[in-house]
Structure formats: structure tokens, C-alpha cells
Amino acid sequence: LAASNLFTNRLDEAIKEASMALAVDPRNPTALTIQGQAQIKKKDYRAAAESFQKSLDIRSDLETSYGLAICLLQLKEKEKAVAVFQKMTGASGDRSSLHLVFGGAYRNATLYDDAIREYQRALSLDPKVPNGHYFLGLTQLMRNEWVLTPEARQQFLEQLRVDPGNFYANYLLGYMAFS
């Protein structure tokens with residue numbers, strides 16, 4: 001029920017159901033993770049971080065680790081988030097897909113230089129990683145307050161070289177040309 005409520009954005013009900021499950025089994029990592037996900041959606045990052053950390057103390061999990069890192073970035077605890085990202089990389093390997101995810105977390109926390117570094121790392125591991133050039137160009141645009149720079153434009157063009165039908169790169173290049 002907690003998961004169902006979470007996915008239908010009935011966040012208070014999700015937290016209530018997770019709490020009921022935790023009353024029966026306080027070491028239920030799934031209930032703790034669902035509770036944390038609902039708390040993130042409510043922008044209660046401190047409570048979510050606590051829920052995720054309790055879950056991780058019971059069972060290591062990449063999704064829960066990522067949720068914890070997102071919370072830490074939102075709480076301006078970047079060093080702790082970096083440590084979580086390093087554990088994730090250690091557990092599953094230095095993969096381009098992980099660096100794309102890390103870049104998204106940094107971008108959402110408006111840490112654009114860190115996001116750019118992660119996207120560049122993803123592309124160095126796999127120059128054709130899906131949407132890698134697009135995300136790098138998008139973050140460069142965001143960092144420059146949506147002013148199209150030659151660097152961002154080059155990333156969108158490179159994305160189209162790798163994936164000519166990429167909607168997002170085509171859209172942003174068209175929008176920028178129109179603007």
C-alpha cells in the first residue's frame with residue numbers, strides 16, 4: 001500500500017503505510033526506502049536522508065544510495081554525497097551510466113560544474129552513452145543562463161552525430177536557432 005500510494009502521489013498515505021510496516025518490522029529496508037522516497041517528494045530532505053540511511057544500514061542498494069545522495073546534495077552536504085557516489089561506483093564499477101545519473105543529481109542541485117565533470121567522465125568511458133552529449137550541452141546551457149555557447153551547440157551536434165534522431169538535441173538546436 002505504501003508503494004501504491006507513493007506512485008499515485010498520495011504522499012502522506014505512503015508515509016503512514018510505511019510507518020505501519022515499520023511498526024511491525026523496524027528493520028524493513030523496503031519500507032524505509034519507500035518512506036524516504038515519499039519524504040523526498042515532500043521536499044523533507046533531512047527526514048528522507050535518515051530513512052535512506054537506516055535502509056542502507058540494513059541492506060546495500062544502489063537506488064536507495066542514490067536517494068541518499070540526492071538528499072545530501074539538497075542539504076548542501078556535498079562531501080557526504082560524493083562519498084555515497086564513490087561507494088556506488090565501488091559496488092558496481094566505474095560505468096558511464098552511473099556518471100550520467102550522478103550528473104543529473106548535481107544538475108538538479110544546481111551544481112553545474114560538478115554535473116559537467118560527471119557527464120564528461122561518462123563520455124570518456126563511453127562516447128556513445130545514450131544522451132551523454134545532450135545532457136552535457138543542456139547543463140552548459142543552464143550554467144550559462146540559457147545562452148547558447150559554441151561548446152553547448154557542439155555537444156548537441158555531437159549527440160546528433162551519434163544519434164541522428166535524438167529528439168532533445170534536435171529540439172534544443174531548433175529552439176536556439178529560432179530564438
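A residue is called buried under 20% relative accessible area, exposed over 50%, and partly exposed in between, with a 1.4 Å probe and protein chains only. By this rule Glu118, at 9% relative accessibility, counts as buried.

The structure is a predicted model, in which local features need pLDDT of at least 70 and side-chain atom pairs count only at pLDDT 80 or more, while totals for chains, interfaces and linings use all residues. Residues are numbered from 1 along each chain as its sequence is written, and side-chain values use heavy atoms, with hydrogens and water left out.

**Exercise 1. The overall fold**

Task: State how many helices and strands the chain has, and what box its C-alpha atoms fill.

Solution. 
Step 1. Helices (H or I, at least four residues) and strands (E, at least two) are taken as DSSP runs, numbered from the N terminus.
Step 2. On this basis the chain has 11 helices and 0 strands, and its pattern along the sequence reads α-α-α-α-α-α-α-α-α-α-α.
Step 3. Along the principal axes, the C-alpha atoms fill a box of roughly 55 × 35 × 30 Å.
Step 4. Of the 179 residues in the chain, 45% are buried.

**Exercise 2. Salt bridges**

Task: Determine how many salt bridges the model contains, and describe the pair formed by Arg143 and Asp113.

Solution. 
Step 1. In general, side chains of opposite charge can pair when their charged atoms come close. The rule applied here asks for a side-chain nitrogen of Lys or Arg within 4 Å of a carboxyl oxygen of Asp or Glu.
Step 2. The count by this rule is 9 salt bridges.
Step 3. Arg143 and Asp113 form one of them, with 2.9 Å from N to O. Because Arg143 lies in helix α9 (residues 132-143) and Asp113 in helix α8, this pair ties together parts that are 30 residues apart in sequence.
Step 4. Arg143 is partly exposed at a relative accessible area of 38%, whereas Asp113 is exposed at 52%.

**Exercise 3. A bridge within one helix**

Task: Explain why Arg161 and Glu158 are separated by about one helical turn.

Solution. 
Step 1. The side chains of Arg161 and Glu158 meet in a salt bridge of 2.6 Å, N to O.
Step 2. The separation is about one helical turn because the two residues are 3 residues apart in helix α10 (residues 150-162).
Step 3. Arg161 is exposed, with a relative accessible area of 55%, while Glu158 is buried, with 19%.

**Exercise 4. A network around Arg117**

Task: Identify which residues are linked with Arg117 in a network of salt bridges.

Solution. 
Step 1. Arg117 is located in helix α8 (residues 112-125) and is partly exposed at 39% relative accessibility.
Step 2. Its side chain meets that of Glu118 in a salt bridge of 3.3 Å, N to O.
Step 3. The network links Lys78, Asp114, Arg117 and Glu118.

**Exercise 5. The largest pocket**

Task: Find which helix gives the largest share of the lining of the largest pocket, and sort the lining by class.

Solution. 
Step 1. A pocket is defined on a 1 Å grid over the protein atoms alone, as an open set of points where a 1.4 Å probe fits, with protein on both sides within 12 Å along at least five of seven lines; lining residues have an atom within 4 Å of a point.
Step 2. The largest pocket holds about 180 Å³ of space. Its lining includes Gln53, Leu62, Val84 and Lys87.
Step 3. Two or more lining residues come from each of α4 (45-58), α5 (62-74) and α6 (78-92), and α6 supplies the largest share, 4 residues.
Step 4. The classes are 6 nonpolar, 3 polar and 1 charged residues.

Notes: Points joined across faces, edges and corners; volume = space filled by probe spheres on them. Nonpolar A, V, L, I, M, F, W, Y, C, P; charged D, E, K, R; others polar.
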